[in-house]
Amino acid sequence: MKPFSIKAARHLLALLLLAPPALAAAGPAADHEHYFAELAAETRDPAPGGTFTVAFHIALKPGWHIYGPNPGDTGYAPAVTWAAPKGMTEGEVRHPPTKRLVLSGLVSNVHEGDVTLLQDLRLPQGMAPGTALPLTAHLDLLVCSEGSCVPDPVDLDIALTTGSGAPDPAVAVLFAKARAAITPNAAATQAAQAAPATAAGSDMLSYALVFGAALLGGLILNLMPCVFPILSLKAMALARSGGSAAHARSEALGYSTGVIGTILALGGVLLVLRGAGSAAGWAFQLQNPAVVGGLLLLVSAIALNMTGMFELPSLSVSGGRPSSGFSGSLATGALAAFIATPCTGPFMAGALGAALIMPPLAAMGVFAGLGLGMALPFLLLGFWAPARRMIPRPGQWMVTLRHVLSVPMFATALGLAWLIGRQAGIGAMTTALAAALVMGLALWWYGVQQRGGKRGFPALVLASASIPVIALGVVAAPVAATGAAVVDTLGSQPFAESRLDALRREGKPVFVYFTADWCLTCKVNEATTLDTPAVAKAFAAGKVSVLRGDWTRQDPAISHFLKARGRAGVPLYLWYPAGSEASELPQVLTPDLLVGLAGKA
């Protein structure tokens, strides 16, 4: 909280003119950069066992807003946490009517200007009259303009004394105005009821834009190095099988069911976790080293399969083997969707961020759109014969291409092993690689059995046994310290909102980026743009400060900041010009973009 200043005095005068009696029974006011706030109680001496009302009086500066109880497509409502006597209970925070705000197709319900929120408090029985009653409210506010959002919480204090519970005349006008605003008159009620003739259309348009972004984002996922080889082999296997149109459709439906079902399952788990109070985001499962270890085994098995060490009917391009049908294609689709979760790209981040603040049913629709986009290429192959005819005739080229496509899968496996080392230490990485080696030997023996016309079940059992080995080893391993400062060409510092605020107050340009070791897009941007000499030289010349947020493992502070920006995961790149609000940069960076921004600084 800042000390009073001339600016604070002007805000104080404005509040005196708006509600002259209010300050007599209010606690100390808080003067923040984007708003001015105070806490008032309707009685100076609340009765033990009785209920009384408090008011949060907030004066927002022009161009800034906070959110109502139903925020809409973005933001979150103010939340209050009390430091108060044991046994005190709180009612819900009551809001006046909100204003409808539409930005970039997203609809939000906001408060602007001068707003008063009310909340009922009930004291426990048995408190003696005359007992001092110091109350502190931690008010968590998300304050936004058209260009940026700032989580800006405030602590508000008020000192009361238990007594008769008589109303304080000094604040009667404030509370009367607040209650009148919260209880709209009949005309306002009729207007609110009539608004869904227009609002529904706007909501549908906004949802269609979000769904379309998810669809495009899913389509782009097929180009990622851990997904493209699987899709390519699946397409070649379908062409090689030479089955009927009905068979092709069955495989396409199976693959699509696996993709969409897996993404819906991941999305559903994510929504449940967030509903329970977790700050989890997209690809949350990759913050757990044991899950990354399991993914390492899956990717390693696929890579070995692509070398021809053993065969899976669903991905086989060898002649004379039956195609897998619906069930095998379903499993392949589920696998492709699961290993695609470290990747994000254009359209996808905004769509998932919007999904996480939607009602659950609408959010699941967005996740379904993401899965549908990812499944579209194979659906096209399965249901449109001319697309299948575009694939060259089966031959040795398929086997050669299959071997080539194993390279990005081995690279993905190597990256996952490195990630385990970063998350849980060298011991966990060694355990994971040992488990992959055991699995590889078992799958080699399984391939030998296959080529001899035998089933090779013991080898599969041995391969499966490596999964609990890796889980036990990774979970038991010590956690690596990933929060330490990273030495890079930009001289970045660990992200903290307090540090960001301090740099902005100093009038410095700031570049903030959020990354994770499991995020492929993040690593590509760092290698091709952030770690280049041109960008480092430009940032040094422009005296640009750099903050780096590492989300490799769960970090509540970073999760809270991402949520405030309407983002479900990383990467996120923000540019703060000196003395101005943040601009969100594209998820695919170029050196020219950052050099240009630094030059303007």
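**Notes on a predicted model: helices, sheets and a few residues**

1. Let's start with a helix pair: the axes of helix H6 (residues 245–275) and helix H8 (residues 325–339) come within 7 Å of each other and cross at roughly 35°. Axes here are lines fitted to C-alpha atoms, for helices over the stretch in contact, with angles from 0 to 180 degrees between N-to-C directions. The crossing of H6 and H8 is right-handed; that term applies if the near helix is turned clockwise from the far one by less than a right angle, and left-handed if anticlockwise. Residues making the contact (heavy atoms within 4.5 Å) include His 247, Glu 251, Tyr 255 and Leu 266 of H6, and Phe 326, Leu 330, Ala 334 and Phe 338 of H8. By class, the contact of H6 with H8 has 11 nonpolar, 10 polar and 1 charged residues. For that tally, Ala, Val, Leu, Ile, Met, Phe, Trp, Tyr, Cys and Pro are nonpolar, Asp, Glu, Lys and Arg are charged, and the others, Gly among them, are polar.

2. A word on provenance. This is a predicted model, in which local features need pLDDT of at least 70 and side-chain atom pairs count only at pLDDT 80 or more, while totals for chains, interfaces and linings use all residues. Residues are numbered from 1 along each chain as its sequence is written, and side-chain values use heavy atoms, with hydrogens and water left out.

3. Now the overall picture. The protein chain holds 19 helices and 18 strands, which are DSSP runs numbered from the N terminus (helices: H or I, at least four residues; strands: E, at least two). Of its 601 residues, 50% count as buried; buried means under 20% relative accessible area, exposed over 50%, and partly exposed in between (1.4 Å probe, protein chains only). Among contacts with a separation of 6 or more, 77% come from residues 24 or more positions apart.

4. S6 is joined to strand S9 (residues 114–122) by 2 bridges in the antiparallel sense, and Glu 90 stands opposite Leu 121 in S9.

5. The other open sheet to look at also has 5 strands, ordered S14-S16-S15-S17-S18, and its pairing is mixed. Here the edges are strand S14 (493–494) and strand S18 (583–584), each with a single partner strand, so one side of each is left without a neighbour in the sheet. S14 and strand S16 (residues 545–550) run parallel and are joined by 2 bridges; Arg 548 in S16 is the bridge partner of Pro 494.

6. Strand S10 (residues 132–140) pairs with S13 in the antiparallel sense over 8 bridges, and with S5, again antiparallel, over 5 bridges. Pro 134 stands opposite Ala 159 in S13, while His 138 in S10 is the bridge partner of Thr 81. In a regular strand the side chains alternate between the two faces of the sheet. Strand S13 (residues 154–161) has Val 154, Leu 156, Ile 158 and Leu 160 on its covered face, and Asp 155, Asp 157, Ala 159 and Thr 161 on the uncovered one. In strand S5 (residues 79–83), Val 80 and Trp 82 make up the covered face, and Ala 79, Thr 81 and Ala 83 the uncovered one.

7. The structure holds 1 disulfide, a term used for a pair of cysteine sulfur atoms within 2.5 Å. The partners are Cys 519 and Cys 522, with their sulfur atoms 2.3 Å apart. The link is right-handed, with 80° about the S-S bond, and both Cys 519 and Cys 522 are buried.

8. Two loop residues deserve a look. Gln 287, in the loop between H6 and helix H7 (289–306), is buried at a relative accessible area of 8%. Leaving out residues up to four places away in sequence, Gln 287 touches Gln 423, Trp 518, Trp 551, Thr 552, Arg 553 and Gln 554. Lys 543, in the loop between helix H17 (533–541) and S16, is exposed, with a relative accessible area of 67%. Its phi is near 50°, a positive value in a residue other than glycine. Most residues other than glycine have a negative phi.

Definitions and conventions
Pairing = 2+ DSSP bridges.
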